[in-house]
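Here are my notes on the model you sent.

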Amino acid sequence: MMSIKKFQVTFDCAEPERLARFWCEVLGYVVPPPPEGFATWDDFKSSQPLDQQDAWFACVDPSGVGPRLYFQRVPEGKAAKNRLHLDVRVGTGLVGEERLAALEAECARLVPLGAVHVQTLYDGDDSCIPMQDIEGNEFCID
C-alpha cells in the first residue's frame, strides 16, 4: 500500500483571500504565483465568471515542507467549534517561563493582525495559548 506524503489543509470561509493572507503572516507562508497564462491574481480573477471570482485562494510554505493551505468560500457562516485546529509551534523545546514568554510574544504579534486571544493556559511548566483567526477559527500557539 502506498503512503500519502503530501496533503493540504482546507478552510471553509467567507473571504478566502483575506483569510489566506492572514495565515501567510502567521506562518511565514507565501501566495503562490497565479495560474499559468496570467500575470497577476487580479488578471486571473477577472477572467472568471462573477460567481466564481474570489471563490478560493491558497498559500504555500516557501520551503515546500509544510502543507498547502486552501481557502474556499462557503455560503454558511461558522456555527460551532472546529473539530480540527492548527497548532502554531513556537515554543518547541522550551519549558516554564521561557516557553510562556515565547508564546506570549507570538500572541502579541498576531493580535494586531486580527487574531483573538482566547486565554492563556499555564501550569508552571507547560503552556498553550488558544486563539481565533480573523473568521473565528480556533488555533493554538503551542
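1. Cavity lining. The residues around the largest cavity are Trp 41, Phe 44, Lys 45, Gln 48, Gln 52, Gln 53, Asp 54, Ala 55, Trp 56 and Phe 57. Please keep in mind that this is a predicted model, and that the lining counts draw on all residues, whatever their pLDDT.

2. Source of the lining. Two elements, α2 and β2, each give at least two residues to the lining of the largest cavity. α2 has the largest share of that lining, with 3 residues.

3. Sorted by class, the lining of the largest cavity consists of 5 nonpolar, 3 polar and 2 charged residues. The volume of the largest cavity is about 70 Å³. The count of cavities of 30 Å³ or more comes to 1.

4. Nonpolar core. The largest nonpolar core contains 26 residues, and Trp 23, Phe 71 and Phe 139 are those with the most contacts inside it. Two or more residues of this core come from each of β1 (8-13), α1 (16-27), α2 (41-47), β2 (56-59), β3 (68-73), α3 (96-110), β7 (127-132) and β8 (138-141). The largest share, 6 residues, belongs to α1.

5. Phe 139. Which residues does Phe 139 touch, not counting those up to four places away in sequence? Phe 139 touches Phe 22, Trp 23, His 85, Leu 86, Val 88, Leu 110, Ala 115, Ile 129, Pro 130, Met 131, Gln 132 and Asp 133. Trp 23, one of these partners, is also listed with Phe 139 among the residues with the most contacts inside the core.

6. Secondary structure. The protein has 3 helices and 8 strands. Their order along the sequence is β-α-α-β-β-β-α-β-β-β-β.

7. An unreviewed UniProt entry lists residues 8-141 as "domain: Glyoxalase-like".

8. Overall dimensions and packing. The C-alpha trace of the protein spans about 55 × 35 × 35 Å along its principal axes. Of the 142 residues, 34% count as buried. Among contacts in the protein with a separation of 6 or more, 59% are between residues 24 or more positions apart.

Definitions and conventions
Residues are numbered from 1 along each chain as its sequence is written. This is a predicted model: local features need pLDDT of at least 70, side-chain atom pairs count only at pLDDT 80 or more; totals for chains, interfaces and linings use all residues. Side-chain values use heavy atoms; hydrogens and water are left out. A nonpolar core is a set of buried Ala, Val, Leu, Ile, Met, Phe, Trp, Tyr and Cys residues joined through side-chain atoms within 4.5 Å. Buried means under 20% relative accessible area, exposed over 50%, partly exposed in between (1.4 Å probe, protein chains only). Helices (H or I, at least four residues) and strands (E, at least two) are DSSP runs, numbered from the N terminus. Contact means heavy atoms within 4.5 Å. UniProt positions are given in the numbering used here, feature names are shortened, and annotations may be inferred rather than shown by experiment. On a 1 Å grid over the protein atoms alone, a cavity is a set of points where a 1.4 Å probe fits but cannot get out, and a pocket is an open set with protein on both sides within 12 Å along at least five of seven lines; lining residues have an atom within 4 Å of a point. Grid points are joined across faces, edges and corners, and a volume is the space filled by probe spheres set on the points. Ala, Val, Leu, Ile, Met, Phe, Trp, Tyr, Cys and Pro count as nonpolar, Asp, Glu, Lys and Arg as charged, and the others, Gly among them, as polar.
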